[in-house]
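User: I would like a close look at one part of this model, with the cut-offs stated where terms come up.
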Amino acid sequence: MRTTGKLIALALVTTVLVPPSAAAAAPKPPPNIPRITWGPCAGAPDPKPFEPPAQCGTLTVPIDWSNPSGPTMKVAVAKRPALDSANRIGSLVINPGGPGGSGVDFALWGYYYFTEELRNKFDIVGFDPRGVARSNPVVCGADLLLKFPGPIIETRGEFQRRGAYNQALGNDCKARTGPVFDHVDTISVARDIEAIRRAVGDSKLTYYGVSYGTLMGQQYAELYPDKVRAIALDSNMDHSVGTTAFLETEAATAQDSFDEFVKGCNAEPSCPMYGQDISAVWRSLLVKADNGELTDPGDPTWHYTTMDLIGFAYSSFYGPDWFFLADTINWLNGGSGQPQTATVAEARAALRYAPIDEAYENPFPAVFCEDWALPIASFQQYTTLMAKQRAVAPDMRFSPLGLDATVTCHGWPGKVQNPQHPLNVVSPSNKLLLVNAKHDPATGYNWATAAAQQMGSSAVLLTYEGWGHGAYARTPCIDNAVDAYLVSQTLPAPGTSCAPAPVAATTGARATDPPSRRDLLPSGARPVWAR
């Protein structure tokens, strides 16, 4: 995520394990799903010379896939036709994650994230998952969202009030959204993907998903193993962990990213904190934030919270933007200079809602809380979980992503439609390709190895030895391996890894190859914070 120098905290606003069989029985789609009627896309970017224009449409699917003949909804779809129509392979269905990322936007505005090889051979087809953007979005009242509390809870009373708030927010969202609210789980999305495959006329699915989009691909392969042509999953979820393991694995990968930041900054003389004890300075800032004493050097009346500070660091790991983070830490600690793009006005705007409408789209908690059973039964259990996270993450203390997602589901109304279970991908028609950065702050390498182990011989894990969230579009090694798999179904050898791109030594910059491609990844795969 490109930040602008503010202290923007990160969250995705949002156990009993069930056996694999709970997710394995996929109801058959209706026999006559209508094809998509393609037409012009409102507001789409103009095509470059010799490129066909984008096309958009909708696909009608059941709201509840267990009742295929019941009420329906429309899933929005966008297509960028293959550039080399004579050698077209089929459709590459894509999703940028979230939950809440728009696949339509990914296809329209993130088209050049994909290599020319993929754009030549495939129609790039993106969709807005149910509950997102143009597909009956989950909407919630601005008045309640303005009161959104953070995930750090100090007392039993706060714990009870947070549960009551989550319940009230969920009830409000459900009333505004309608019946789709209870059917935005990822199993339902996987069934929508199967409907899209049939609608575009492909005999088997070719798919690329990043971040939360990997859960869609994993569960599609569980439901429809005989329909897998090539499924590439970048930055993988582990949908088998319970509350404690979820929080600890997320905290561990956040701490790993902090450790890599310290190591990288100490190895580069141009880093703004080169030669300093970065961890000691960081911990002193955290203590000030804990005590309400961390002020803006340009405006002592403005105080940054602990969540602001940890969330800013965490979001900087997505790029990674190490030198930008070091510059900001140095500035907050009284050092010379200030992050060039930081302004108090921007920081305050980013840390507050500025409502102009009665309601806002807010799909994350509805989707996440239907996909995950992460109960916290009491304030005592909450404090125990916080201590466990701090034990594995002494500098970061917790993952803002993991903690906020979990706390958001405390008291959330409705049923967990798609609870966790070990992956059960049995004998797919073709193996899946899992790709993961070794030092990903959000979907850690620990999750990728767990998912690969659960899939066994049904998947191959390709390792990017570098940093940041998402591996594709970073180096030719990763791009070539993913492209070879999607185009010709050629998998890398088990154990294959790719060397990292160097982290840019320019404050605020990101090292990519080419530099701009990863900036085309829609916000669904990037952190979003609102408080």
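How many residues of strand S7 (residues 228-234) are buried?

Analyst: This is a predicted model, in which local features need pLDDT of at least 70 and side-chain atom pairs count only at pLDDT 80 or more, while totals for chains, interfaces and linings use all residues. Residues are numbered from 1 along each chain as its sequence is written, and side-chain values use heavy atoms, with hydrogens and water left out.

Seven of the seven residues of S7 are buried, so the strand is largely enclosed by the rest of the structure. Buried stands for under 20% relative accessible area, exposed for over 50% and partly exposed for the range in between (1.4 Å probe, protein chains only). Strands (E, at least two residues) and helices (H or I, at least four) are DSSP runs numbered from the N terminus.

S7 pairs with strand S6 (residues 205-210) and with strand S11 (residues 432-439); two strands pair if DSSP finds at least two bridges between them. S6 and S7 run parallel and are joined by six bridges, with Tyr207 opposite Ile231 of S7. With S11, S7 pairs in the parallel sense over three bridges. Leu233 faces Leu434 of S11, and Asp234 stands opposite Val435 of S11.

S7 belongs to an open sheet of nine strands with mixed pairing, in the order S1-S2-S4-S3-S6-S7-S11-S12-S13. Its edge strands, each pairing on one side only, are S1 (55-62) and S13 (497-498). S1 and S2 are antiparallel over eight bridges, and Gln55 has Lys79 of S2 as its bridge partner. Strand S2 (residues 72-80) has seven of its nine residues buried, so S2 is also largely enclosed by the rest of the structure. Four bridges connect S2 to strand S4 (residues 122-127) in the antiparallel sense, where Ala78 stands opposite Gly126 of S4.

The buried residues of H16 are Tyr445, Trp447, Ala448, Ala450, Ala451, Ala452 and Met455. Their cover includes H7, helix H8 (243-266), S11 and strand S12 (459-467), where contact means heavy atoms within 4.5 Å. Just after H16, Gly456 has a positive phi of about 60°.

A nonpolar core is a set of buried Ala, Val, Leu, Ile, Met, Phe, Trp, Tyr and Cys residues joined through side-chain atoms within 4.5 Å. The largest such core has 116 residues, and Phe261 and Met396 have the most contacts inside it. Not counting residues up to four places away in sequence, Met396 touches Ala254, Gln255, Phe258, Trp282, Ile310, Ala313, Tyr314 and Phe317. Another core lies apart from the largest one and has 38 residues, among them Val104, Tyr208, Ala471 and Tyr485.

Ser188 has a relative accessible area of 5%. Leaving aside neighbours within four places in sequence, Ser188 is in contact with Trp65, Arg130 and His183.
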